[in-house]
Amino acid sequence: RNDGMSSREQRTDSAPGHHPPMRRASTLSAASFAAAFMQRRCVPRCFRRHLGHAAFSSANSPASKLTLEDIAELKSERPLRIKARMATGKRKDSDGIIVHFQRHGQGTHNALYKKHADQMKELPDLSSNDRDKNPLLCESVIDAPLTEKGVEQCLNQQHAASKLKDVELIVVSPLLRAMQTADITFDKFKTRKDVKWILNEDVREELGLLMCNKRRSLSDIRREFPHFDCSLIDHDEDVVWDEHRARNMGYGGTPARESDVQMSSRAYKFLEDFVAARKEKEIVVVGHSALFLSMTNTVFDVTHDQDLITPMFAQAEIRSIELVFEEQ
């Protein structure tokens, strides 16, 4: 689900710009989801956990087994309905905003996950607090950077990025792999004075347990990426990470992974409080697979292009979506 197997995703080697196998996320029955999972298709995280597979739920995970009805209820309780469709050229709705979502390229944690799976002949249990079963508990993966392959994936996306001439704002997760991805993919945008770069904590990856999702200090970020506006980040150290762990302890004092409901709420908050309030009409958001999967499957109201909008993002993939915000 997360970062090319940094969390619950089961795909590691997708090429940049390549869409995972297509599926109809919100119309499948529970039996169909089970069958799809057994065939290792790309099933949304919320339903994976509902199926109860060890890689997606365990005793120390939050009890968040979202059903289609749960998702519908979450959407109905929110002030805004967020309609989404694939963007092809100019906006189709005068009130719409085009968002070019990009997932980061391959990180060292992705490579570690794959190496562990290859050696053990089974997928790591990323909800486990046992380092022998969960390689992403190691402090060596804190704020994992891109691998050489990840850098190459981002370089390969520069041509596609160069065509996005109307972009006015680039919003980036403060995790290193996402900042590197934005910095490489949109390198030519750094000379454009009409494009703003800003970090936003709400588009970072799943909080709680996996150490690859803990960020470095803001002081380090400012030294390495001086062109990023860091004004939305309040603390030098990763207080967001620390506070989530303090509030969400599982059995035996183990930090619990961010639940489906929590992640969906965070994704919605970013769209309502930040995106909907911006004056720009075309922006880039560089983030992570788990957050984007939650956003596209549990926040967006998708009536068209579902098979293009809702699948898991491949590493470094750019997906352009037009959003329309409506009060409900």
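**Exercise 1. How many helices and strands are there in the chain?**

Solution. Start with the ground rules: this is a predicted model, in which local features need pLDDT of at least 70 and side-chain atom pairs count only at pLDDT 80 or more, while totals for chains, interfaces and linings use all residues. Residues are numbered from 1 along each chain as its sequence is written, and side-chain values use heavy atoms, with hydrogens and water left out. Now count the DSSP runs, numbered from the N terminus (helices: H or I, at least four residues; strands: E, at least two). The chain has 12 helices and 7 strands.

**Exercise 2. Is Ser173 buried or exposed?**

Solution. First, find Ser173 in the loop between strand E3 (169-172) and helix H7 (176-185). Next, apply the cut-offs: buried is under 20% relative accessible area, exposed over 50%, partly exposed in between (1.4 Å probe, protein chains only). Ser173 has 0% relative accessibility, so Ser173 counts as buried. Across the chain, 55% of the 328 residues are buried too.

**Exercise 3. With which side chain does the side chain of Ser173 make a polar contact?**

Solution. Look for a pair of N or O atoms within 3.5 Å; within protein, one must be able to donate a hydrogen and the other to accept it, and residues adjacent in sequence count only if both atoms are side-chain atoms. The partner is the side chain of His288, at 2.8 Å. Then check the backbone: the nitrogen of Leu175 lies 3.2 Å from a polar atom of the Ser173 side chain.
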